Amino acid sequence: MNSICYNAPSRSKTGLVLTGGGARAAYQVGVLRGISDIIYRSECGNPYPIITGTSAGAINATVIAAYARTPRLGIKSLQRVWENFSVEQIFRTDLLGVMSNSGRWIKSIFSNSYHKKHQLSLLNNDPLKQLLAKVIHYNNIQESIDAGQLHALSVTASGYTSGRSISFFQGIPEIKDWRRSRRCGSRTQIGRRHLLASSAIPLVFPAVEIDHEFFGDGSVRFLAPISPAIHLGADKILVIGVDPTREELPYQPNIIRYPTIADVAGHVLDSIFIDSLDSDLERIRRVNKTIQLIPQAVRELQSNLRPIETFTISPSQDLSLLASKHFKELPRLIQFFFRRIGIGTDEGSTILSYLLFESTYTKELIELGYTDAIRQKVDIINFFNRE
């Protein structure tokens, strides 16, 4: 291929947007590996000068940013972690860990003030805290910025008190904070707390305190998941989603049974992680069409008026169906616990697809992502070569 170096000053700034999705985020690793095999040239530097992420996508984004000076090594490191995952690395699966969390819920029912002093969540994510401290070298982020290989990194979390989506970003000094309706950007030094907050799925994992406010999963109420990349200066944006591409089928109600807790939870998680992205992409397409109607001379006078090219890669298969095949890979205690709330091999597979941090499942998602990327090789080459 006739490649152009990504970090050349005349090039557009490419933004990478990694959405949330719990264990589904393993798919993103496969896509990134596929893109790396397609476009990689060692002398060209980092293909994603602007990187943003929410929830599990925020963790992937931070790893990629920390390896911005050696992007191919970063993807290999990320893949190695995801391919060797087990739920024990994300949340406690021992009897004491599971029952202590359940006990807190029971105690909160009989005490008006208990919830004010104790964290209440379905699962205890202490193992994730240890993992994030071990696998990510946070100091490398600023070093990559200083070296000119990274323009900015953004991690979004949702404030439970303010109701705002706050995109914590670390980047070049010229980038300013921004404020929009229910969302804003705040300069900081990205660390473990931001990743724990961004990936704290409501009720499943405990909220995290940052600057005197408790935060949860960044995908909650995040109506414009692509906006941080635009505010940080991206001219073209690659979005790696975790929702399979589907055809819109006629509505055919087929009520068989009353929905379980897992059915309802899976529906809620889909609305959190997926729906806002589709709406934001539609909004960008409408804005691009409007900008095209404005005379070029007028556009040149307004530096903030620019079309944003987007390219989205999404799973070609239903990840919920893939997850149901791997349910029995979970520890027996977790299987028992999940079955009590309706998660099993034939039901509740939607929420299972978000929580199944097991290597057999994550490896399958990585391979699916890689295959989907290679299948779109020509489009990927055109996206990265096109000004």
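Modeller: Start with helix 7. Its face turned away from the buried side carries the exposed residues Asn 139 and Asp 146. Keep in mind that this is a predicted model.

Colleague: Which residues of helix 7 are buried?

Modeller: In helix 7, residues 139-146, the buried ones are Ile 141, Ser 144 and Ile 145.

Colleague: What makes you say that the buried residues line one face of helix 7?

Modeller: Look down the axis of helix 7. The buried residues fall within an arc of 100°, so they line one face.

Colleague: Now the loop between strand 7 and strand 8 (213-216), where Asp 211 lies. Why does Asp 211 count as exposed?

Modeller: The cut-off for exposed is over 50% relative accessible area. Asp 211 has 60% relative accessibility, so it counts as exposed. Asp 211 also has a positive phi of about 50°, although it is not a glycine.

Colleague: And why does His 212 count as exposed?

Modeller: His 212 is found in the loop between strand 7 and strand 8. Its relative accessibility is 78%, so His 212 counts as exposed. Phi of His 212 is near 65°, a positive value in a residue other than glycine.

Colleague: On to the rings. How many aromatic pairs are there?

Modeller: A search of the whole structure finds nine.

Colleague: Why is the pair of Phe 85 and Phe 357 called edge-to-face?

Modeller: Two values decide it. Ring centres must lie within 6.5 Å to pair, and planes over 60 degrees apart count as edge-to-face. Here the centres are 5.8 Å apart and the planes are at 70°, so the pair of Phe 85 and Phe 357 is edge-to-face.

Colleague: What makes you say that this pair ties together parts apart in sequence?

Modeller: Phe 85 lies in the loop between helix 3 and helix 4 (95-109), and Phe 357 in the loop between helix 14 (349-355) and helix 15 (359-375), so the pair ties together parts that are 272 residues apart in sequence. Both Phe 85 and Phe 357 are buried.

Colleague: Why is the pair of Phe 91 and Phe 205 called tilted?

Modeller: Planes under 30 degrees apart would be stacked, and over 60 edge-to-face; the rest are tilted. The planes of Phe 91 and Phe 205 are at 40°, with centres 6.4 Å apart, so this pair is tilted. Phe 91 is in the loop between helix 3 and helix 4, and Phe 205 in the loop between helix 8 (192-198) and strand 7 (208-210), so parts 114 residues apart in sequence are tied together. Phe 91 and Phe 205 are both buried.

Colleague: How do you know that the charged end of Arg 24 sits over the ring of Tyr 354?

Modeller: The distance must be within 6 Å of the ring centre, and the charge within 35 degrees of the ring normal. The charged end of Arg 24 sits over the ring of Tyr 354, 4.4 Å from its centre. Likewise, the charged end of Lys 236 sits over the ring of Phe 383, 4.7 Å from its centre. Phe 383 also belongs to an aromatic cluster with Tyr 48, Phe 311 and Phe 384.

Colleague: Last topic, cavities. Which residues lie nearest the centre of the largest cavity?

Modeller: Ile 59, Trp 82, Phe 85, Ile 90 and Leu 128 do, out of 20 lining residues. The space in this cavity is about 240 Å³. By class, its lining has 16 nonpolar, four polar and no charged residues.

How values were computed: Residues numbered from 1 in each chain as written. Predicted model: local features only at pLDDT ≥ 70, side-chain atom pairs only at ≥ 80, totals over all residues. Heavy atoms only, no water. 1 Å grid on protein atoms, 1.4 Å probe; cavity = no way out; pocket = protein on both sides within 12 Å on 5 of 7 lines; lining within 4 Å. Points joined across faces, edges and corners; volume = space filled by probe spheres on them. Nonpolar A, V, L, I, M, F, W, Y, C, P; charged D, E, K, R; others polar. Phe/Tyr/Trp six-rings, centres within 6.5 Å; stacked < 30°, edge-to-face > 60°. Helix = DSSP H or I, 4+ residues; strand = E, 2+ residues; numbered from the N terminus. Buried < 20%, exposed > 50% of the residue type's maximum accessible area, 1.4 Å probe, protein only. Arc of directions from axis to C-beta.
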